[in-house]
Amino acid sequence: MKPVRIYRHDEPVGAGYFLDFLKNQQYEYELIAIDQGDAVTFDFDKSSGLVFLGGDSSVNDSFSWIEDEINLIQRATAENFPIFGHCFGAQLISKALGEIVSPMQHKEIGWFTLDWVENPVAQEWFSQLSDDIQAIHWHEYSLTIPNGATSLFGTQYCPNQAFVQNNIVATTAHVEATPALLKQWVAEYGDDLPPASQTIQSKSEILKDVKVRVENMQRLTNVLYERWLIMLQRYHSS
C-alpha cells in the first residue's frame with residue numbers, strides 16, 4: 001500500500017505515537033515538513049491517507065500553506081479520501097468543511113477527563129473504555145462540528161473535541177503524545193504557560209506520572225487509530 005502522508009507544521013509537535021502505531025501495523029509513511037519549507041502537494045492519490053499534526057499557528061492566520069492545506073483537505077474530502085487530524089489538524093479539517101474555529105474563553109492545557117457523547121458511534125467505539133479516561137490538551141482555539149459529522153467526545157471546558165465523518169477522524173486532543181514529546185513541549189513552550197488555573201496545569205503537573213498517564217490515554221488513541229485504518233483499508237479495497 002502507498003505510504004501515509006503526514007503533514008508536520010512545527011518540529012517539536014511531531015507524530016509521536018502515531019509513527020509507532022504505523023510501524024506496528026507495517027504501514028509506511030511520508031513526512032511533509034512544512035516547518036522546513038516543504039510544499040503542500042495535491043497528488044494525494046499517491047498516498048494511502050493524509051494526516052495533519054498540531055502546530056503553533058492558528059488556522060485563521062494568513063500563511064499561504066494554511067490555505068493550501070485547506071484546499072487539499074477540501075479536494076480530498078470530495079473524493080472521500082481518508083484523513084486524520086490532530087489538534088491544529090482537526091481545526092484545519094473543521095474550517096475546510098465550512099465550520100468556525102475561534103479563540104476559547106480560556107486556554108486548555110493539561111490532562112483533562114473526557115466526556116463521551118451519547119450517540120451510537122461513540123458508544124460503539126468507546127464502550128470498552130472507562131469513564132475516567134484523560135487526554136492531554138494544549139490548545140486555545142475550539143472548533144465547531146461539521147454538518148453531517150458525528151461528535152465523539154469533549155471535556156468540561158471544550159465540548160467539541162473530536163468528530164468522525166465518512167473517512168475522516170479528527171480530535172483536538174493530542175492523542176499522539178508520548179512522554180518524550182510532552183517533555184519536549186514543556187521544555188519548548190513551558191515557560192510561556194499562563195499561571196495555573198482550572199484550565200491550565202503547571203509544567204510539573206503536566207509531567208506528573210506522565211508514563212502512566214500516556215499509557216492510559218493510548219487505550220483511547222488505539223481505538224481512534226484502529227478505526228481510521230479500517231476506513232483506510234476499506235477505501236483502498238473498494
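I counted a salt bridge wherever a side-chain nitrogen of Lys or Arg lies within 4 Å of a carboxyl oxygen of Asp or Glu. By this rule I found eight salt bridges. I note that the model is predicted.

Entry on the pair Asp-43 and Arg-5. I looked up this salt bridge and recorded 3.0 Å, N to O. Asp-43 lies in the loop between β2 (29-33) and β3 (49-52) and Arg-5 in strand β1, so the bridge ties together parts that are 38 residues apart in sequence. Arg-5 is buried, at 3% relative accessible area, whereas Asp-43 is partly exposed, at 26%.

Asp-43 also meets Lys-46 in a salt bridge, at 3.7 Å, N to O. Lys-46 is exposed, with 54% relative accessibility. I then traced a network of salt bridges that links Arg-5, Glu-30, Asp-43 and Lys-46.

Entry on the pair Glu-205 and Arg-213. Their side chains form a salt bridge at 2.9 Å, N to O. Glu-205 is partly exposed, at 25% relative accessibility, and Arg-213 is buried, at 16% relative accessible area.

Entry on the cores. The largest nonpolar core holds 51 residues, of which Phe-126, Leu-220, Leu-224 and Trp-228 touch the most other members. Among the elements that give two or more residues to this core are β1 (4-8), β5 (101-113) and α7 (210-237). The largest share, eleven residues, comes from α7.

I listed the contacts of Phe-126 beyond four places in sequence: Trp-116, Leu-152, Phe-153, Leu-220, Val-223 and Leu-224. Apart from this core lies another, of 28 residues, including Phe-52, Ile-83, Leu-143 and Ala-170.

Methods
Residues are numbered from 1 along each chain as its sequence is written. This is a predicted model: local features need pLDDT of at least 70, side-chain atom pairs count only at pLDDT 80 or more; totals for chains, interfaces and linings use all residues. Side-chain values use heavy atoms; hydrogens and water are left out. A nonpolar core is a set of buried Ala, Val, Leu, Ile, Met, Phe, Trp, Tyr and Cys residues joined through side-chain atoms within 4.5 Å. Buried means under 20% relative accessible area, exposed over 50%, partly exposed in between (1.4 Å probe, protein chains only). Helices (H or I, at least four residues) and strands (E, at least two) are DSSP runs, numbered from the N terminus. Contact means heavy atoms within 4.5 Å.
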